[in-house]
Amino acid sequence: MKAAKFDYERPADLDGALRLLGGGGDVYAKVLAGGQSLGPMLNLRLAQPGLLVDVTRIPELTRVEDDGEALVLGACVTHAMIEDGKVPDVTGGALPSVAGAIAYRGVRNRGTIGGSVAHADPAADWPTALSALGAEAVVRGPSGSRTVPVSEFIVGVFETVMGEDEILEAIRIPKLSADARWGYYKVCRKPGEFADAIGAVLVDAEHSVHRLVIGATNAAPVTIADAAEVLGGNGVPGASFDLDAARRLVDGADTNLDDMERHIHAVALKRAVEQVAK
Ligand SMILES: Cc1cc2nc3c(=O)[nH]c(=O)nc-3n(C[C@H](O)[C@H](O)[C@H](O)COP(=O)(O)OP(=O)(O)OC[C@H]3O[C@@H](n4cnc5c(N)ncnc54)[C@H](O)[C@@H]3O)c2cc1C
(Lines give C-alpha, C1' and ligand atoms only; values in the text may rest on other atoms or scores of the structure.)
Protein backbone atom coordinates (compact mmCIF):
# COMPACT_ATOMS: atom_id res chain seq x y z
CA MET A 1 0.00 0.00 0.00
CA LYS A 2 1.15 3.58 -0.61
CA ALA A 3 0.68 6.67 1.54
CA ALA A 4 -2.35 8.87 0.93
CA LYS A 5 -1.59 12.22 -0.74
CA PHE A 6 -0.05 14.86 1.52
CA ASP A 7 1.68 18.22 1.26
CA TYR A 8 5.26 18.63 2.48
CA GLU A 9 7.01 21.62 4.06
CA ARG A 10 10.54 21.93 5.42
CA PRO A 11 10.63 25.05 7.61
CA ALA A 12 13.99 26.64 8.43
CA ASP A 13 13.22 27.43 12.06
CA LEU A 14 11.08 26.36 14.99
CA ASP A 15 8.69 29.31 14.80
CA GLY A 16 8.01 28.49 11.14
CA ALA A 17 7.30 24.86 12.06
CA LEU A 18 4.93 25.92 14.86
CA ARG A 19 3.08 28.24 12.48
CA LEU A 20 2.59 25.38 10.01
CA LEU A 21 1.35 23.03 12.74
CA GLY A 22 -1.02 25.54 14.27
CA GLY A 23 -2.25 27.43 11.25
CA GLY A 24 -3.66 24.79 8.97
CA GLY A 25 -7.37 25.31 9.65
CA ASP A 26 -8.90 21.96 8.85
CA VAL A 27 -5.61 20.51 7.49
CA TYR A 28 -4.25 17.81 9.79
CA ALA A 29 -0.50 18.56 10.05
CA LYS A 30 2.06 16.17 11.48
CA VAL A 31 5.74 16.50 12.36
CA LEU A 32 8.16 14.37 10.32
CA ALA A 33 11.55 13.61 11.89
CA GLY A 34 13.50 10.48 10.86
CA GLY A 35 10.38 8.89 9.38
CA GLN A 36 11.32 5.47 10.79
CA SER A 37 7.99 5.08 12.58
CA LEU A 38 5.87 7.60 10.70
CA GLY A 39 6.92 6.28 7.26
CA PRO A 40 5.44 2.80 7.81
CA MET A 41 2.34 4.36 9.40
CA LEU A 42 1.83 6.54 6.31
CA ASN A 43 2.31 3.60 3.96
CA LEU A 44 -0.18 1.50 5.91
CA ARG A 45 -2.51 4.53 5.99
CA LEU A 46 -2.66 4.33 9.79
CA ALA A 47 -1.81 8.05 9.64
CA GLN A 48 -3.24 10.26 6.88
CA PRO A 49 -2.03 13.81 7.53
CA GLY A 50 -2.75 16.50 4.97
CA LEU A 51 0.63 18.14 5.66
CA LEU A 52 3.99 16.79 6.79
CA VAL A 53 6.23 19.32 8.55
CA ASP A 54 9.82 18.09 8.17
CA VAL A 55 11.75 19.40 11.19
CA THR A 56 15.12 17.79 10.51
CA ARG A 57 16.81 20.93 9.10
CA ILE A 58 15.90 23.17 12.04
CA PRO A 59 19.13 24.15 13.84
CA GLU A 60 17.47 24.35 17.32
CA LEU A 61 16.46 20.70 16.92
CA THR A 62 19.95 19.41 16.15
CA ARG A 63 21.76 21.37 18.83
CA VAL A 64 23.95 19.72 21.45
CA GLU A 65 24.57 21.82 24.56
CA ASP A 66 25.93 21.48 28.07
CA ASP A 67 23.88 23.66 30.43
CA GLY A 68 26.14 22.93 33.39
CA GLU A 69 23.94 20.34 35.06
CA ALA A 70 22.70 18.47 32.03
CA LEU A 71 23.29 17.59 28.40
CA VAL A 72 20.65 19.09 26.14
CA LEU A 73 20.10 17.17 22.91
CA GLY A 74 17.93 18.67 20.18
CA ALA A 75 15.04 16.36 19.35
CA CYS A 76 16.49 15.58 15.89
CA VAL A 77 19.79 14.21 17.17
CA THR A 78 19.92 10.71 15.69
CA HIS A 79 20.50 7.41 17.46
CA ALA A 80 23.68 6.99 15.33
CA MET A 81 25.14 10.32 16.53
CA ILE A 82 24.73 9.14 20.12
CA GLU A 83 26.05 5.65 19.35
CA ASP A 84 29.12 7.12 17.60
CA GLY A 85 30.01 9.48 20.46
CA LYS A 86 29.29 12.57 18.34
CA VAL A 87 27.56 13.99 21.41
CA PRO A 88 29.20 14.08 24.84
CA ASP A 89 28.24 11.20 27.12
CA VAL A 90 27.26 12.40 30.60
CA THR A 91 25.90 9.00 31.65
CA GLY A 92 28.97 6.79 31.98
CA GLY A 93 28.19 4.86 28.80
CA ALA A 94 24.42 4.47 29.20
CA LEU A 95 23.47 6.70 26.24
CA PRO A 96 25.70 5.10 23.55
CA SER A 97 24.94 1.55 24.68
CA VAL A 98 21.17 2.12 24.50
CA ALA A 99 21.47 3.88 21.12
CA GLY A 100 23.66 1.12 19.65
CA ALA A 101 21.09 -1.59 20.46
CA ILE A 102 18.22 0.10 18.59
CA ALA A 103 17.27 -1.75 15.41
CA TYR A 104 20.02 -1.80 12.76
CA ARG A 105 22.35 0.90 11.46
CA GLY A 106 20.04 2.16 8.69
CA VAL A 107 17.29 2.89 11.24
CA ARG A 108 19.78 4.46 13.65
CA ASN A 109 21.15 6.74 10.92
CA ARG A 110 17.76 8.40 10.45
CA GLY A 111 15.78 7.74 13.65
CA THR A 112 15.89 10.53 16.22
CA ILE A 113 15.80 10.58 19.99
CA GLY A 114 12.93 13.08 19.93
CA GLY A 115 10.98 11.08 17.37
CA SER A 116 11.25 8.01 19.55
CA VAL A 117 10.04 9.83 22.68
CA ALA A 118 7.26 11.68 20.82
CA HIS A 119 6.08 8.45 19.19
CA ALA A 120 5.84 6.81 22.66
CA ASP A 121 5.93 3.24 21.41
CA PRO A 122 6.02 1.21 24.64
CA ALA A 123 8.44 -1.28 23.05
CA ALA A 124 10.98 1.42 22.15
CA ASP A 125 14.21 1.94 24.08
CA TRP A 126 14.43 5.69 24.71
CA PRO A 127 11.17 6.13 26.66
CA THR A 128 12.32 3.61 29.29
CA ALA A 129 16.03 4.50 29.28
CA LEU A 130 15.41 8.26 29.53
CA SER A 131 12.82 7.79 32.28
CA ALA A 132 15.43 5.86 34.26
CA LEU A 133 18.07 8.55 33.62
CA GLY A 134 15.70 11.22 34.95
CA ALA A 135 15.67 13.06 31.61
CA GLU A 136 13.25 15.84 30.76
CA ALA A 137 11.37 16.67 27.57
CA VAL A 138 11.47 20.31 26.47
CA VAL A 139 8.25 21.06 24.59
CA ARG A 140 7.65 24.20 22.52
CA GLY A 141 4.17 25.39 21.60
CA PRO A 142 2.43 28.57 20.45
CA SER A 143 2.41 29.93 23.99
CA GLY A 144 6.03 29.13 24.85
CA SER A 145 8.18 26.38 26.31
CA ARG A 146 7.55 23.87 29.05
CA THR A 147 9.71 21.14 30.54
CA VAL A 148 8.23 17.80 31.56
CA PRO A 149 10.04 14.73 32.99
CA VAL A 150 10.08 12.01 30.32
CA SER A 151 8.46 9.72 32.92
CA GLU A 152 5.43 12.05 32.93
CA PHE A 153 5.59 13.06 29.27
CA ILE A 154 4.51 9.59 28.11
CA VAL A 155 1.06 8.81 29.48
CA GLY A 156 0.05 5.69 27.57
CA VAL A 157 0.59 3.55 24.50
CA PHE A 158 1.55 5.98 21.68
CA GLU A 159 0.24 8.78 23.92
CA THR A 160 2.03 11.82 25.33
CA VAL A 161 1.06 15.09 27.01
CA MET A 162 1.94 17.02 23.83
CA GLY A 163 -0.77 18.83 21.89
CA GLU A 164 -0.99 18.62 18.08
CA ASP A 165 0.29 22.21 17.81
CA GLU A 166 3.40 21.50 19.92
CA ILE A 167 6.87 20.25 19.02
CA LEU A 168 9.27 18.28 21.16
CA GLU A 169 12.28 20.57 21.03
CA ALA A 170 14.93 18.82 23.12
CA ILE A 171 15.75 16.16 25.66
CA ARG A 172 17.62 17.28 28.77
CA ILE A 173 19.71 14.52 30.35
CA PRO A 174 21.17 15.16 33.83
CA LYS A 175 24.86 14.50 34.34
CA LEU A 176 25.51 11.44 36.49
CA SER A 177 28.11 11.43 39.21
CA ALA A 178 31.32 9.48 38.61
CA ASP A 179 30.26 6.53 40.79
CA ALA A 180 26.69 6.25 39.47
CA ARG A 181 25.67 2.73 38.44
CA TRP A 182 23.47 1.94 35.47
CA GLY A 183 21.71 -1.29 34.50
CA TYR A 184 19.64 -1.89 31.37
CA TYR A 185 18.30 -5.25 30.23
CA LYS A 186 16.25 -5.62 27.07
CA VAL A 187 14.49 -8.89 26.25
CA CYS A 188 14.02 -9.29 22.49
CA ARG A 189 13.99 -12.26 20.14
CA LYS A 190 16.89 -11.04 17.98
CA PRO A 191 19.53 -8.43 18.86
CA GLY A 192 18.38 -4.94 17.89
CA GLU A 193 14.68 -5.71 17.74
CA PHE A 194 11.93 -3.88 19.56
CA ALA A 195 11.77 -5.09 23.16
CA ASP A 196 9.40 -7.65 24.66
CA ALA A 197 10.46 -6.41 28.09
CA ILE A 198 12.93 -3.88 29.49
CA GLY A 199 14.30 -3.40 33.00
CA ALA A 200 16.30 -0.25 33.75
CA VAL A 201 17.93 0.94 36.94
CA LEU A 202 19.95 3.97 37.97
CA VAL A 203 21.69 4.23 41.34
CA ASP A 204 23.42 7.56 41.84
CA ALA A 205 23.91 7.79 45.59
CA GLU A 206 25.64 11.18 45.41
CA HIS A 207 22.45 12.65 43.92
CA SER A 208 20.16 10.47 46.12
CA VAL A 209 18.79 8.66 43.07
CA HIS A 210 17.62 5.02 43.31
CA ARG A 211 15.32 4.62 40.32
CA LEU A 212 13.84 1.56 38.61
CA VAL A 213 11.81 1.46 35.40
CA ILE A 214 9.68 -1.36 34.03
CA GLY A 215 9.49 -0.80 30.27
CA ALA A 216 8.05 -2.34 27.11
CA THR A 217 4.76 -3.14 28.84
CA ASN A 218 1.29 -2.60 27.41
CA ALA A 219 1.22 0.86 29.01
CA ALA A 220 3.58 3.77 29.60
CA PRO A 221 6.92 2.87 31.23
CA VAL A 222 6.47 2.49 34.98
CA THR A 223 8.98 4.52 36.97
CA ILE A 224 9.65 3.61 40.59
CA ALA A 225 11.36 6.81 41.67
CA ASP A 226 12.20 5.93 45.25
CA ALA A 227 13.56 2.40 45.06
CA ALA A 228 16.29 2.83 47.72
CA GLU A 229 14.68 0.45 50.18
CA VAL A 230 13.92 -2.28 47.69
CA LEU A 231 17.49 -1.97 46.37
CA GLY A 232 18.92 -2.61 49.82
CA GLY A 233 19.48 0.87 51.24
CA ASN A 234 23.07 1.96 51.62
CA GLY A 235 24.79 -1.39 51.06
CA VAL A 236 25.88 -2.71 47.66
CA PRO A 237 22.91 -1.59 45.52
CA GLY A 238 20.74 -4.46 44.48
CA ALA A 239 22.72 -7.23 46.19
CA SER A 240 19.60 -8.54 47.92
CA PHE A 241 17.19 -7.89 45.03
CA ASP A 242 15.90 -11.27 43.86
CA LEU A 243 13.29 -12.47 41.37
CA ASP A 244 10.54 -12.42 44.02
CA ALA A 245 11.29 -8.76 44.79
CA ALA A 246 11.21 -7.95 41.06
CA ARG A 247 7.97 -9.85 40.58
CA ARG A 248 6.30 -8.02 43.47
CA LEU A 249 7.17 -4.69 41.82
CA VAL A 250 5.91 -5.80 38.41
CA ASP A 251 2.70 -7.24 39.92
CA GLY A 252 2.08 -3.95 41.72
CA ALA A 253 2.58 -1.81 38.61
CA ASP A 254 0.02 -0.69 36.05
CA THR A 255 1.36 -2.64 33.06
CA ASN A 256 -1.64 -4.38 31.49
CA LEU A 257 0.44 -7.58 31.17
CA ASP A 258 -0.59 -11.23 31.54
CA ASP A 259 1.06 -13.61 34.00
CA MET A 260 3.76 -14.90 31.64
CA GLU A 261 4.62 -11.37 30.46
CA ARG A 262 4.91 -10.17 34.06
CA HIS A 263 7.36 -13.00 34.73
CA ILE A 264 9.49 -11.92 31.72
CA HIS A 265 9.44 -8.31 32.92
CA ALA A 266 10.47 -9.40 36.42
CA VAL A 267 13.42 -11.30 34.93
CA ALA A 268 14.44 -8.22 32.88
CA LEU A 269 14.27 -6.03 35.99
CA LYS A 270 16.27 -8.48 38.08
CA ARG A 271 18.96 -8.73 35.36
CA ALA A 272 19.19 -4.95 35.11
CA VAL A 273 19.66 -4.74 38.87
CA GLU A 274 22.31 -7.49 38.71
CA GLN A 275 24.33 -5.20 36.43
CA VAL A 276 24.49 -2.50 39.14
CA ALA A 277 25.16 -5.03 41.90
CA LYS A 278 28.33 -6.36 40.23
C1 LIG B 1 12.78 -1.89 11.40
C2 LIG B 1 12.73 -0.97 12.59
C3 LIG B 1 13.19 -1.43 13.81
C4 LIG B 1 13.14 -0.60 14.92
N5 LIG B 1 13.62 -1.07 16.12
C6 LIG B 1 13.63 -0.27 17.20
C7 LIG B 1 14.17 -0.71 18.44
O8 LIG B 1 14.68 -1.83 18.60
N9 LIG B 1 14.12 0.16 19.49
C10 LIG B 1 13.60 1.41 19.38
O11 LIG B 1 13.60 2.15 20.34
N12 LIG B 1 13.10 1.86 18.21
C13 LIG B 1 13.10 1.07 17.12
N14 LIG B 1 12.60 1.54 15.93
C15 LIG B 1 12.01 2.90 15.88
C16 LIG B 1 13.08 3.94 15.58
O17 LIG B 1 13.92 4.08 16.72
C18 LIG B 1 12.51 5.34 15.26
O19 LIG B 1 13.61 6.17 15.07
C20 LIG B 1 11.69 6.06 16.28
O21 LIG B 1 10.68 5.27 16.79
C22 LIG B 1 10.99 7.29 15.68
O23 LIG B 1 11.92 8.27 15.41
P24 LIG B 1 11.87 9.08 14.05
O25 LIG B 1 12.84 10.18 14.19
O26 LIG B 1 12.04 8.17 12.90
O27 LIG B 1 10.38 9.71 14.08
P28 LIG B 1 9.26 9.76 12.96
O29 LIG B 1 8.99 8.38 12.45
O30 LIG B 1 9.54 10.82 11.97
O31 LIG B 1 8.03 10.27 13.86
C32 LIG B 1 7.41 9.40 14.79
C33 LIG B 1 6.26 10.14 15.47
O34 LIG B 1 6.75 11.15 16.34
C35 LIG B 1 6.30 12.46 15.92
N36 LIG B 1 7.47 13.33 16.06
C37 LIG B 1 8.74 13.09 15.63
N38 LIG B 1 9.58 14.06 16.05
C39 LIG B 1 8.82 14.95 16.73
C40 LIG B 1 9.10 16.17 17.42
N41 LIG B 1 10.36 16.67 17.49
N42 LIG B 1 8.09 16.83 18.01
C43 LIG B 1 6.82 16.34 17.98
N44 LIG B 1 6.49 15.17 17.37
C45 LIG B 1 7.48 14.48 16.76
C46 LIG B 1 5.84 12.30 14.46
O47 LIG B 1 4.83 13.22 14.14
C48 LIG B 1 5.32 10.86 14.49
O49 LIG B 1 4.03 10.85 15.03
C50 LIG B 1 12.63 0.73 14.81
C51 LIG B 1 12.17 1.19 13.56
C52 LIG B 1 12.21 0.35 12.46
C53 LIG B 1 11.73 0.88 11.14
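Analyst: What follows covers the model's basis, the domains, the ligand shell, the sheet and a few single residues.

User: Fine. What kind of model is this, and how are residues numbered?
Analyst: This is a predicted model, in which local features need pLDDT of at least 70, side-chain atom pairs count only at pLDDT 80 or more, and totals for chains, interfaces and linings use all residues. Residues are numbered from 1 along each chain as its sequence is written.

User: How is the protein chain divided into domains?
Analyst: There is domain 1 (7-54), domain 2 (59-174) and domain 3 (181-277). The bounds come from an automatic or database domain assignment.

User: How many residues of domain 1 are in contact with domain 2?
Analyst: Eleven residues of domain 1 are in contact with 18 residues of domain 2; contact means C-beta atoms, placed from the backbone, within 7 Å. On the domain 1 side, α1 gives the most, with five residues. That side has six nonpolar, five polar and no charged residues. Nonpolar means Ala, Val, Leu, Ile, Met, Phe, Trp, Tyr, Cys and Pro; charged means Asp, Glu, Lys and Arg; the others, Gly among them, are polar.

User: Switching to the ligand. Which residues are closest?
Analyst: Gly 34, Gln 36, Gly 111, Gly 115 and Ala 124 are the closest of the 30 residues that surround the ligand. The criterion is a C-beta atom, placed from the backbone, within 6 Å of the molecule.

User: Which element gives the most to that shell?
Analyst: That is α6, with five residues. β2 (29-32), α6 (113-119), α7 (125-132) and β10 (167-174) each supply at least two. Helices (H or I, at least four residues) and strands (E, at least two) are DSSP runs, numbered from the N terminus.

User: And by class?
Analyst: The ligand shell has 15 nonpolar, eleven polar and four charged residues.

User: β10 came up there. What is the strand order in its sheet?
Analyst: The order is β4-β5-β10-β6-β7, an open sheet of five strands with antiparallel pairing. Two strands pair if DSSP finds at least two bridges between them. β4 (64-66) and β7 (144-149) are the edge strands, each pairing on one side only. From one strand to the next the twist averages 20 degrees. Helix α1 (residues 14-22) packs on this sheet, touching β6 (136-141) and β10, and its direction makes about 130 degrees with that of β10. Axes are lines fitted to C-alpha atoms, for helices over the stretch in contact, and angles run from 0 to 180 degrees between N-to-C directions.

User: Is β12 buried or exposed?
Analyst: Eight of the eight residues of β12 (residues 197-204) are buried, so the strand is largely enclosed by the rest of the structure. Buried means 20 or more other C-beta atoms, placed from the backbone, within 10 Å of a residue's own; exposed means 12 or fewer, and partly exposed is in between.

User: What does β12 pair with?
Analyst: β11 (residues 181-187) pairs with β12 in the antiparallel sense over seven bridges. β12 also pairs with β13 (residues 209-215), again antiparallel and over seven bridges. Gly 183 stands opposite Val 201, and Ile 198 has Gly 215 as its bridge partner in β13.

User: Which residues other than glycine have positive phi?
Analyst: Among them are Ala 120, at about 60 degrees, and Phe 158, near 55 degrees. Ala 120 lies in the loop between α6 and α7, and Phe 158 is in the loop between β8 (154-156) and β9 (159-160).

User: Buried or exposed, those two?
Analyst: Ala 120 counts as buried because it has 23 C-beta neighbours inside 10 Å. Phe 158 is exposed, with 12 other C-beta atoms within 10 Å.

Note on methods. Two residues are in contact if their C-beta atoms, placed from the backbone, lie within 7 Å.
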